[in-house]
Amino acid sequence: MKILIADDEKLERNGIKLLLKREGAECEILEAENGKVALGILMDRKVDILFSDIKMPYMNGLELTEKARELYPDLEIIIFSGYNDFTYARDALRYGVVDYVLKPVNPKEFHKTFERVQGKIQSRIEDEEKQINDNGSVCTHRLSAKQHF
């Protein structure tokens, strides 16, 4: 699993990495110090989860979320913010974020959110595999039917 953490504060990025380590998740963690750098990373490589701060220089978390959603409609996005502002939360939800978590991050809340995201990713992978297997057996069936003629 690939995870991108976008936050202009290194201390906050380190905190998220620590929480991920506690989860025991096997993942590759990428970091970006602002939204513009994060978008560059997303344009270069696909990630499974984006953790983004809301307030960052050059491109804020909402702008990043909008652009990330255009690139990867299935990307799991979690917004972290020190701002308990309904407008930010509403806008984030409009872009399909999984959760809007207030800083300082509560480890129990992080665990619930991360567990839910992992479940969604696992379900999507299983659905994709099932679809590939179903399509493969349809193709195999068609090939064997053609061989009889």
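Phe110 and Phe114 both sit in helix H5 (residues 107–147), four residues apart, about one turn of the helix. Helices (H or I, at least four residues) and strands (E, at least two) are DSSP runs, numbered from the N terminus.

This is a predicted model, where local features need pLDDT of at least 70, side-chain atom pairs count only at pLDDT 80 or more, and totals for chains, interfaces and linings use all residues. Residues are numbered from 1 along each chain as its sequence is written, and side-chain values use heavy atoms, with hydrogens and water left out.

The structure holds four aromatic pairs. In one of them, Phe110 and Phe114 are stacked, at 6.0 Å centre to centre and 10° between the planes. Rings of Phe, Tyr and Trp (its six-membered ring) pair if their centres lie within 6.5 Å; planes under 30 degrees apart are stacked, over 60 edge-to-face, and the rest tilted. Phe51, Phe80, Phe110 and Phe114 form one aromatic cluster.

Next comes accessibility. Buried means under 20% relative accessible area, exposed over 50%, and partly exposed in between (1.4 Å probe, protein chains only).

| Residue | Relative accessibility | Class |
|---|---|---|
| Phe110 | 3% | buried |
| Phe114 | 0% | buried |
| Tyr58 | 71% | exposed |

Tyr58 is found in the loop between strand E3 (49–53) and H3. Its phi is near 75°, a positive value in a residue other than glycine.

Another backbone feature is a cis peptide bond between Lys103 and Pro104, with omega about -10°. Pro104 lies in the loop between strand E5 (99–102) and H5.
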